[in-house]
Every structure is written in structure tokens, then in C-alpha cells.
Amino acid sequence: MNRAGLGLILAALSCSEPTANYQRPATTAVHEPPEQHSSYSISPLDRTVYVRLAGVRTQDGESIHAFMRRLFESADSAGAVRLVIDLRSVTGSDARFLVPLIKGVAMRDRLVQAGGLYLVVGPDSFSPSQNAATLLLQYAKPTFLQGSLNR
């Protein structure tokens with residue numbers, strides 16, 4: 001599939017960026033364990049970006065679309081040649097991260113080539129992680145790594 005076709009598919013899937021803001025209640029009746037949030041870091045030595053996806057909002061409430069935009073802008077400005085995406089914490093049924101993730105990877109030649117993309121999956125990787133891995137396999141040449149979470 002060419003880039004134009006991919007662009008049309010991604011545009012149709014994404015339609016528009018969600019604009020709703022979720023406000024957490026000031027107090028909760030039930031004590032919940034700390035939430036895990038998406039994050040990323042860049043290693044300047046080997047120009048590798050490590051991304052941990054865990055939810056559709058970051059710790060400060062940033063949407064997944066804004067997070068992905070910031071991630072790829074940072075990766076581009078750092079000259080990143082490798083992207084490691086840790087999907088082990090994506091266990092829910094929310095797949096809103098798929099379109100901005102696949103679009104971000106597919107639009108960067110250095111990431112779609114062999115050695116440019118690594119996907120970390122584990123025994124707790126459920127449908128959104130599996131969907132991401134399957135779609136990324138169609139548009140890139142990822143290397144899959146098996147890992148487990150210490151919970």
C-alpha cells in the first residue's frame with residue numbers, strides 16, 4: 001500500500017482529535033492503586049526512543065493524541081533512528097492510541113525499516129496491544145520482544 005492510501009485510511013479512522021477533558025473527582029470513595037500512565041524517554045547516545053503505553057491520558061491529563069504528537073516531534077528533533085514501544089501495560093479495551101501511533105510510525109521511513117521499530121509484548125497484552133502489533137506489522141518491519149510485568 002502506498003503512502004497516499006495509508007494517509008486516506010488513517011484520516012478516515014481518526015476523523016478528528018477528541019476534545020473532551022476528563023476531570024478526576026476531588027475525592028474517591030474507594031482506594032485505587034496508583035494508575036500507570038504513558039511515558040517516553042530518549043537515549044541520545046544511540047538515538048533510541050523508549051515509549052511505555054499504558055492509557056489514553058498521561059499523568060497530567062494530556063490526551064493520547066497530544067502525547068503522540070509530542071512524542072514524535074521530540075523523536076524527530078532528537079534524530080531518533082529507533083523506536084521501542086512497550087505495549088505490556090495496555091490491558092484495557094480502549095484503542096484510541098492506535099491511529100496516532102500507526103500514523104506516527106508509518107510516516108517515518110527510518111522507523112518502518114528493519115531495526116527501526118521494536119514492540120515489547122507480554123502475557124498481559126490484550127486486544128489493543130495485539131491490534132497495534134498486527135497493524136504495525138502491516139506498515140513496518142518491527143522486531144517483537146517478549147517481556148513480563150512485575151506486579
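1. The model under review is a predicted one.

2. The strands belong to an open sheet of five, in the order β1-β2-β3-β4-β5, and their pairing is mixed. The edges are taken by β1 (39-43) and β5 (143-146); each has a single partner strand, so one side of each lacks a neighbour in the sheet. On average, and with direction ignored, neighbouring strands of this sheet are turned by 20° against each other.

3. As background, strands of a sheet pair through backbone hydrogen bonds, in either a parallel or an antiparallel manner. Here β1 and β2 (residues 48-52) pair in the antiparallel sense, over five bridges. Within β2, Val-51 is the bridge partner of Tyr-40.

4. Is Asp-86 buried or exposed? Its relative accessibility is 2%, and because buried means under 20%, Asp-86 counts as buried. The side chain of Asp-86 makes a polar contact with the side chain of Tyr-50, at 2.5 Å. Neighbours within four places in sequence aside, Asp-86 is in contact with Tyr-50, Val-51, Arg-52, Leu-53 and Val-120.

5. The next point concerns the nonpolar interior. In soluble globular proteins, nonpolar side chains tend to be buried together. The largest nonpolar core of this model has 28 residues, and those touching the most other members are Leu-53, Met-68, Leu-83, Ile-85, Phe-97, Leu-101 and Val-105. Two or more residues each come from β2, α2 (64-77), β3, α3, α4, β4 and α5. The greatest contribution, six residues, is that of α2.

6. How many of the nine residues of α3 are buried? Eight are, and the helix is accordingly described as mostly covered. Among the buried residues of α3 are Leu-98, Leu-101, Ile-102 and Val-105. Val-105 touches Phe-72, Leu-83, Ile-85, Leu-111, Val-112, Leu-117, Leu-136 and Ala-140, residues up to four places away in sequence not being counted.

7. Finally, the loop between α3 (98-106) and α4 (109-112) contains Met-107. With a relative accessibility of 39%, Met-107 counts as partly exposed. Met-107 and Tyr-139 are 32 residues apart along the chain, and their C-alpha atoms are separated by 9.6 Å.

Technical notes: Residues are numbered from 1 along each chain as its sequence is written. This is a predicted model: local features need pLDDT of at least 70, side-chain atom pairs count only at pLDDT 80 or more; totals for chains, interfaces and linings use all residues. Side-chain values use heavy atoms; hydrogens and water are left out. Two strands pair if DSSP finds at least two bridges between them. Helices (H or I, at least four residues) and strands (E, at least two) are DSSP runs, numbered from the N terminus. Axes are lines fitted to C-alpha atoms, for helices over the stretch in contact, and angles run from 0 to 180 degrees between N-to-C directions. Buried means under 20% relative accessible area, exposed over 50%, partly exposed in between (1.4 Å probe, protein chains only). A nonpolar core is a set of buried Ala, Val, Leu, Ile, Met, Phe, Trp, Tyr and Cys residues joined through side-chain atoms within 4.5 Å. Contact means heavy atoms within 4.5 Å. A polar contact is a pair of N or O atoms within 3.5 Å; within protein, one must be able to donate a hydrogen and the other to accept it, and residues adjacent in sequence count only if both atoms are side-chain atoms.
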